[in-house]
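Dear colleague,

A summary of the findings follows it.

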Amino acid sequence: MSEAQVGAPAAANPRGRGRGRGGRGRGERGGRGRGRGGHRGGERVNEQGQAAASTSAEPAERSAASGAGAAVEPSGAASASGDGESWRGRRRGIGGQRSVVVSHRGRGRPTPASAAPGAAGTSGTGLSAVAAEFVPGQPPVASSSTATPKPAAPKQQPPKRRMSKSSAADLPTRIQEDIQNGQYECVICTYEVVRTSRIWACSTCWTVAHLHCVRKWHTNQMKAKDENQNPNQQPGWRCPGCNSSVTEDPGHYHCWCGKEHDPKPIAGLPPHTCGQTCSKARGTCPHPCPLMCHAGPCPPCTLMGPTQTCYCGKHTITKRCVESDYGKGWSCDEPCGDLLPCGEHTCTRPCHSGLCGACEIPVLSTCYCGKEQREIPCDRREDVLESFNYGQLKASDDQSDPWFEGSFHCSKPCGRKFDCGYHACEKPCHTQDEDATHCPFSPDVVTHCPCGKTVLDTMAEGLRQSCRDPIPHCEEPCNKTLPCGHPCRNKCHTGSCATCFEYIDISCRCGRTTVHGVCHQGNVEDLPQCFRICKAQLNCGRHECGEHCCAGEKKAAERRKQKRNANVNFEAEHICLQICGRQLKCGKHACQQLCHKGPCQSCPEAVFDEIACSCGRTVLQPPQPCGTKAPECRFECRKARPCGHPTVNHQCHPEETPCPKCPFLVEKSCICGKKVLKNQPCWFEEARCGLPCGKKLKCGTHECKKPCHKPGECEDAGISGSHCPQPCGKARKSCEHMCLDTCHAPYPCKEDRPCESKTFITCPCQNHKQEVRCLATRFNPWSTRETTLKCDDECLRLQRNRRLAEALNIDPETHLDDHIPYSDATMKLCREDPSWAQTQEREFRVFASSPEEKRLRFKPMPANKRAFLHSLAVDFGLDSESEDPEPHRHVCIFKTPRFVSAPHKTLAQCLRILKNATASVAASASRPATMADRLPTVQPFNAFLLKDPRFGLTIEELDSALASELASLSRSGPAIKFTTHFLPSDEILIRAIPVTTAAAIATSLADTPASIESTLTQAKPALAKVTSRLGLAGSVELCHADASLNVTRKEGDASASAGGWNAVASRGSWRRGGAAVQDKVLPASTTGRFVALRKVMKKEKEKEKEIEEDWLAAVEKEEESGKSGGEEVKEEGESVVA
């Protein structure tokens, strides 16, 4: 095969470079993709040729025919792609080996080798096993056996263009053409609606969408409705295109007219049509749609419609359906002439629709009693009735007929005389009879008294002769029922009953308040109202009733008691009638429904504009629900930075979201303009150097101390006048102290006021000092206050100590006690690196001695060194904290109100004290024990022992109950803290521990064992009183406990106070088994005293001791033996101590 023939298929299909899906392709795009089991469409011919060349058993003619057929195949690709499906291959990336099959279908069947172009040279141009080797970059060498001219390459077919959107004039045609050309998008998923899609169409806006998308849309909306019940929500679901309410479910897929379900695509017909006549009814037109099944609304009917009669029925007309208004009809504009409801007159209006209405022709009418005549509209007359004229009509009227017709009631009383000729009728206007009415006051008519309880014949004055005689009254109460329901309490009387003045209990509207007052006369609407405001919640859940004396408050209370919160159970008074008014999710419209519970519904409005992203490359086509946000764009942001630096690659984002900050480092001038800072982020607008401003303020004396700031923002900005907010600072002439007033330039200092500066006054020995105010003025430079303090007993004690030191030749400056003001953790860390620790101590002491410094920052260092700084800060009474992450983590210390001064002893001095104490203890341990060593010292009390504690008592309860008592001990005595422990003997130990920080030592008394014992002894009565009152324990005792919480001395032990061997006997073997004495480094406070060590027992096999059954008896026996032994050793011990 020649090079041109081999390359022809690839040239005919230039887009055969894409990847397909599953090896399926259609039309011209078929050769583009490579599926998951297919080949590249552009390489198929070459693969066939290679296969034929590698198989020696296959005839050369068959391989040549295959090559010829493959070479001709691209020419039929255009016809294969003419079915409108090529754009789908381009959009979905469909390709693969099926593309060759589709192209064959376009051609009908493969062209034979004899009929293909260049068939004459088939034998020369086919594949051959003896072909020369192909060298890239050089022309092919023809075979020596045959020399055939090279056929011309087939003409390359241009790619088929994608169809644009339809521009037809009517909607049905546009919908069908867009679906046919793949230009119609589903409003839900935005994918194309094609011929093979199962669709759904709205009957209001004619929007077409995928059926499965509409079903999901319908399911989600109905689910949201079920979750958020709202009485005001519309029934059905919303159309995704026009937001109109739809009551029918999406149903099944059918054609446009609905006659055929699941229609199959028919070649040559529009998509989704069944090919039958539409036959849909069109409004009031009697003719069905004659067009073939189509999308969208049916066009107007152009046929001649039926004959129509005008409104009055006098004329007829025939028009086309498109010109006829079957709903309204037509008018001939002639007078109607129909008989009106009065039956006397006819309608004079022009031909009209509907009823003629009431007759409004004015007619001269007479009232029923005949006293009034006037013209009234015919329809306002009442029933026409005959009435007798007894002379009440005017003389000018025609009186030939004594009867006349009355048609309305006048407002006058009748006034006609009864048959007695004395009384007149008081009834309102009514028809008259020919004979006068019998008098209702005649004796034959009135037979009872006015109340009706007594017959007149039984009464003495009851014999009436005529109607003019008065009607006698009986003495019985009237008892007629009044409108309020109470009986009339007056005596029998004529006329109407009087007002009811009976006092009753009247309940207010809400029924919670009762008022005792006069009867309400039956007018229930005027019930009294109390001042109680109804707090019942309305059905919306957002508002309260707030009405005074609400009638539904009691019902609301019953409803809340029964926990009925459904809207149907709310009272009529508690239905919220306000408009919701909350902002909808769209952010543009407010909810117009009645106030309701739960979230508002989605905005019912629709947007008919395109919604695009910031760059405009991703667009949502209208219509869209209101509040739809711009789509998420997958392209990169194109916005250029104002600084000119290259942008960091990031995704397109909304306008309100800023682009990432520019990461480039540049040089920037600080905002005060003093320095140019390097390596500043480009996005940082306000670079600050941190230096003080230093500009002269308006006063001309002070300089701005604010750090780097913008011009015009100095300290005096916004202050009127020529002064600044700094203190004056000038020296007063009266006392030479600085003026503490705010800057008052250009005026001099006001020295007529006392100086508020503080100074110190001391006693003559300089032991006590007191801070006082100067109070000097221009008129009195020397204040009248005392300039010195008086010495007290402490001063005398110090003077005596100084004289004693001089007598003993002791230097108080160099003489130190053995107290260590640092914690054990500080000393332990100091031993690891003494020189570095002393350097840091010097920094602390310089910081502590400077009253102006409030903060000290150390450089970054490891964690163990930071721990030393934190521990040392606690000893100094300072606050400390670590800042910044590793490896830049450093320590900052701060001065707080609890800081007093630095410890008087340095770390080096404390190290020497510890070294000397250790050496002395080691020396005393190495020398043999003497009698003085065996004599134990009396151990001072350092704890409280609570016996018989309450069952279930916890440490937290005990600490909270005794907190105030224990805290007062630390304030009034030495600096101590208390720890609470439960002992195995069911007793509670509250142990006092000295606080050794510098701040505690400086503000409290010395924490010697004797002072602690004295403090505990004084506090014991108050503590016992509290424990007894609260029932915490049975009794409180003083005791001594060591570091291991062993109680070695109790307040009740008599032998303990005696000392000597009695103390040893009191701690007999019944308390604690014999064990080796542990060597301890005694605290420094015991230096210079006798030290008693217990002898280490040898590990020998001891005899088995007898177990005492009564241990109390054993204790008493040991105590008695201890007393006798103590008396024998007493004299020897005293001599040793002396």
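**Aromatic contacts and overall features**

Phe 844, Phe 858 and Phe 876 come together as one aromatic cluster. Please note that the model is a predicted one.

Across the whole structure, the search returned six aromatic pairs. The ring centres of Trp 836 and Phe 868 are 5.6 Å apart and their planes meet at 55 degrees, so this pair is classed as tilted. Because Trp 836 belongs to helix 13 (residues 834-849) and Phe 868 to helix 14 (residues 863-876), the pair ties together parts that are 32 residues apart in sequence. Trp 836 and Phe 868 are both buried.

Two rings also carry a charge over the face. Arg 559 is placed over Phe 570, 4.0 Å from the ring centre. The charged end of Lys 661 lies over the ring of Trp 683, at 3.9 Å from its centre.

With regard to strand pairing, strand 17 (residues 665-669) and strand 18 (residues 676-681) run antiparallel and are joined by four bridges. Leu 665 has Pro 681 in strand 18 as its bridge partner. Six residues separate the two strands of this hairpin, and Gly 673 adopts a positive phi near 85 degrees there.

As for the protein chain as a whole, its secondary structure consists of 23 helices and 28 strands. Of its 1138 residues, 33% are buried. Among contacts with a separation of 6 or more, 43% are between residues 24 or more positions apart.

With kind regards

Notes:
Residues are numbered from 1 along each chain as its sequence is written. This is a predicted model: local features need pLDDT of at least 70, side-chain atom pairs count only at pLDDT 80 or more; totals for chains, interfaces and linings use all residues. Side-chain values use heavy atoms; hydrogens and water are left out. Buried means under 20% relative accessible area, exposed over 50%, partly exposed in between (1.4 Å probe, protein chains only). Contact means heavy atoms within 4.5 Å. Two strands pair if DSSP finds at least two bridges between them. Rings of Phe, Tyr and Trp (its six-membered ring) pair if their centres lie within 6.5 Å; planes under 30 degrees apart count as stacked, over 60 as edge-to-face and the rest as tilted. A charge sits over a ring if NZ of Lys or CZ of Arg is within 6 Å of the ring centre and within 35 degrees of the ring normal.
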